[in-house]
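Here is a quick tour of some strands and helices, written for someone who likes to know the cut-offs. Have a look at the model, then read on.

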Amino acid sequence: MFSNKEMFTETFLQRLEMTCGKSFQESTKRDHYHTLGIMIREYVSSNWIKTNESYRAEKEKQVYYLSIEFLLGKLLRHNLLNLGIDDVVEEGLKELGIELSDLEEMEADAALGNGGLGRLAACFMDSLATLDLPGHGCGIRYKHGLFEQKIVDGYQVELPEQWLRHGHVWEVRKADLAVDVPFWGRVEAINNNGKLEFRHLEAETVMAVPYDLPVVGYQTDTVNTLRLWSAETTPYPINRDIMKYKRDTELISEFLYPDDTHDEGKILRLKQQYFLVSASIRSIVRSYRKQHASLIDFHKYVGLHINDTHPVLAIPELMRVLIDEEGMSWEDAWHITTNTISYTNHTTLAEALEKWPVRIFQPLLPRIFMIVNEINERFCQDLWTQYPGDWRKIEDMAIIAHDQVKMAHLAIVGSYSVNGVAAIHTEILKQREMNQFYQVFPEKFNNKTNGITHRRWLIKSNPKLTSLINEGIGTKWVNHPEHLKELQFFQQDSAFLEQLYEIKQDNKKSLAEKIKAKTGIVVDPLSIFDVQVKRLHAYKRQLLNVLHIMYLYNRLKEDSSFQMYPRTFLFGAKASPGYYYAKKIIKLINTIAEKINNDKTVSDKLKVVFLENYRVSLAEEIFPASDVSEQISTASKEASGTGNMKFMMNGALTLGTLDGANIEIKEHVGDDNIFIFGLTAEEVMNYYQYGGYTSVDYYHHDKRIRQVVDQLTNGYFGDLDNEFEPIHDSLLMENDQYFVLRDFSSYIEAQREVGKAYADQNRWLKMSLANIANSGFFSSDRTIQQYADDIWNISSVKGKVR
Ligand code: GL4
């Protein structure tokens, strides 16, 4: 049906009538979108079935990527591109008077994630399928994804997200594959001929129903599966208050927790975690059982990867299945489990390290708690043998201590691989945060620097740049992004650089139009588009950016001879609804924007725009139109960052600290093609450890700082009733935990360099080209190949799917 335009239009019209029960004349854009979606899903279904059949027939080892978040965004254009039918469809629809881009507007972003961690999982799905690797995703089908953000009077207001309102055309509900997940109740031990057996009695059972999405690789027949679980009531609950049972059950897959950098100590969150893990493992074991007589070789055929600690209950859950359901000994079960599970750590922020009070954990998951307890006791005994008498160390490292279950400790002890997400992050884990564990299990620790799929973040989102690259170096970079390096040959080619310039300008114009339409603010595409888009968090230091803008504004107002290249500062950020300080920063950005944008005396030099409801689909319009990529976190705090890679790939230059993957970006582009400033991670950590920083000294000794900090509270931006006092206090009274004032001067200096470099267009374009040319390393294809080779031990099945 997609082999040519004519076949496509014919089938499309037929299907439209069949699925929507309407004539073409009566039909709406939504009907068109829906029909096209169904056609595509139908088109992939035979390869989907064949992929699964071949995995079974070949007894391939398969990996399941367990993640509490998958930040997918829209799938229509992405699927068309991967299937190689985007042109046929676009042209065919045109014949019918339909614009494909209008249909894309109909699709809701699947926002089942918060930020980097969830988007990484989505990029990994794309790379796994594209590399023909047997790897699937397991997640939760939240009824409401990440909240929709509105800005009202400068403040963030959250609305429930409604992505399922019109259904989700890519999913297939598989009610027949539902599994039961038990909570609460009690455990009874039974002596069966001298062997203790455990039964979980009087549990409240939740039915987990899978919704499968096909994950289509780029120009390959491989179609993997992303299985999202939905919580439903079991048909015959016994002895219950039915309404309460229904509410409690459905709540499990109702909302995504809107924060990934905080440990949410809520029963519901723990329920979600066990729900995901238990449903996934039950269904994986069930299909495994059809192929294998026992689970004794399970680890040779199955890998379970846990994306941060949220799915760490996979460890005791697999132990439970092996012991209670398969009758294995503890030792056999432990051998299998610790050779099946691998774990990625995504943050060293203390507030994100999950800990569960025993008083919550034990009653909710009684059998799982017993197993965790046993794992802990055995681990502590081992430590005792290794460090006899060192109570202190054992207490620090225990999985359960002070009535808390420490999820990261469980993850390290129960897995065979622990990886960080950028070189510096892994070093910090090994040398500092997890050093005690590193000493006991050095062989488990390894680094896998994050990556992003260049298919979505370059080919799909920046088609003009993609064409230019293809004209320059052909298309082999598409399958082997490291070939982007060949773009370096065009460093001296002024015609090529000119085209690069034109493309960036076109993309900036489109974004400018969008900004005008959404906000009424007119921005000049000839100004520098200086962009910070990411979650709002103190450590990411949007505040440093704002203070710099205030400084520029002051200079322009006070000194008529002050020269600067015109700038447009763009922000996009959601603050977690309960994160008071982050919300204040949003209000601050909007407040200074209001004043600056309405001041005619600076309007040819400075504009500030806050883009509402930052999300995957908006990000796809922003990266191609950016000149400067703000990556200004306090060094040591951002584990990797992945936005930094998306900017780079689209030719924006990084202005950043030596944090996370910025360091590796610098190594790849070279010192001349990046702007680095601020404290190093080492310096930051030394300040934390030994002290020596007094923020008020910087306030007193630098009048630029004094001026902008005073302006937070002196009414300069309007009478706001001490609105920004908490920000002011964080800088002075609380000694500026994130070293904003410490790095201020160095940041201003780096920003000046940015302005200077941009003014020399030829120099800038060469720098921009160097960034694109060296971005191949940051493709998630490279990352996933490393996971496949070093951690999972799986290989390409290319050619096996027939
Ligand atoms: C994060 C990190 O904060 C971010 O630096 C990293 O790029 C991302 C993916 O590895 O993981 N960790 C948490 S928690 N949320 C993130 O986005």
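Which residue in β25 does glycine 656 stand opposite? The answer is isoleucine 676. Before going further, note that this is a predicted model, where local features need pLDDT of at least 70, side-chain atom pairs count only at pLDDT 80 or more, and totals for chains, interfaces and linings use all residues. Residues are numbered from 1 along each chain as its sequence is written.

On confidence, the protein chain has a mean pLDDT (the predictor's confidence in each residue, from 0 to 100) of 97. Of its residues, 99% reach 70 or more. For the complex, the predictor reports an ipTM of 0.99 and a pTM of 0.98.

**Sheets and strands**

Two strands count as paired if DSSP finds at least two bridges between them. As a reminder, strands of a sheet pair through backbone hydrogen bonds, either parallel or antiparallel.

Back to glycine 656 and its partner: they belong to the pairing of β24 (residues 653-656) with β25, which run parallel and are joined by two bridges. That pair sits in an open sheet of six strands, ordered β22-β21-β20-β23-β24-β25, with parallel pairing. The edges are β22 (606-611) and β25 (675-676), each with a single partner strand, so one side of each has no neighbour in the sheet.

There's also an open sheet of three strands, in the order β15-β17-β16, and here the pairing is antiparallel. β15 (355-357) and β16 (400-401) take the edge positions with a single partner strand each, so one side of each is left without a neighbour in the sheet. β15 runs antiparallel to β17 (residues 404-406), with three bridges joining them. Within β17, glutamine 404 stands opposite proline 357.

With β12 (residues 223-233), β11 pairs in the antiparallel sense over eleven bridges. Methionine 207 finds its bridge partner in glutamate 232 of β12. β11 and β12 form a hairpin with six residues between them, and glutamine 219 in the turn has a positive phi of about 45°.

**Helix packing**

Axes are lines fitted to C-alpha atoms, for helices over the stretch in contact, and angles run from 0 to 180 degrees between N-to-C directions.

| Helix pair | Angle | Axis separation |
|---|---|---|
| α1 (residues 5-20) and α2 (residues 29-57) | about 110° | 9 Å |
| α22 (residues 542-558) and α29 (residues 703-711) | about 105° | 10 Å |
| α23 (residues 580-597) and α30 (residues 725-732) | about 110° | 9 Å |

Angles under 35 degrees count as roughly parallel, over 145 as roughly antiparallel, 65 to 115 as roughly perpendicular and the rest as oblique. With its angle of about 110°, α23 is therefore roughly perpendicular to α30. α23 passes α30 in a left-handed crossing, the term for a near helix turned anticlockwise from the far one by less than a right angle (right-handed if clockwise).

Who touches whom? Contact here means C-beta atoms, placed from the backbone, within 7 Å. Tyr581, Lys584, Ile585 and Leu588 in α23 meet Pro726, Ile727 and Ser730 in α30. By class, that contact has five nonpolar residues, one polar and one charged. For these classes, Ala, Val, Leu, Ile, Met, Phe, Trp, Tyr, Cys and Pro are nonpolar, Asp, Glu, Lys and Arg are charged, and the others, Gly among them, are polar.

α22 and α29 are roughly perpendicular to each other too. Leu547, Met550, Tyr551 and Asn554 of α22 make the contact with Arg704, Gln707, Val708 and Gln711 of α29. That contact of α22 with α29 divides into four nonpolar, three polar and one charged residues.

Terms used
Helices (H or I, at least four residues) and strands (E, at least two) are DSSP runs, numbered from the N terminus. Two residues are in contact if their C-beta atoms, placed from the backbone, lie within 7 Å.
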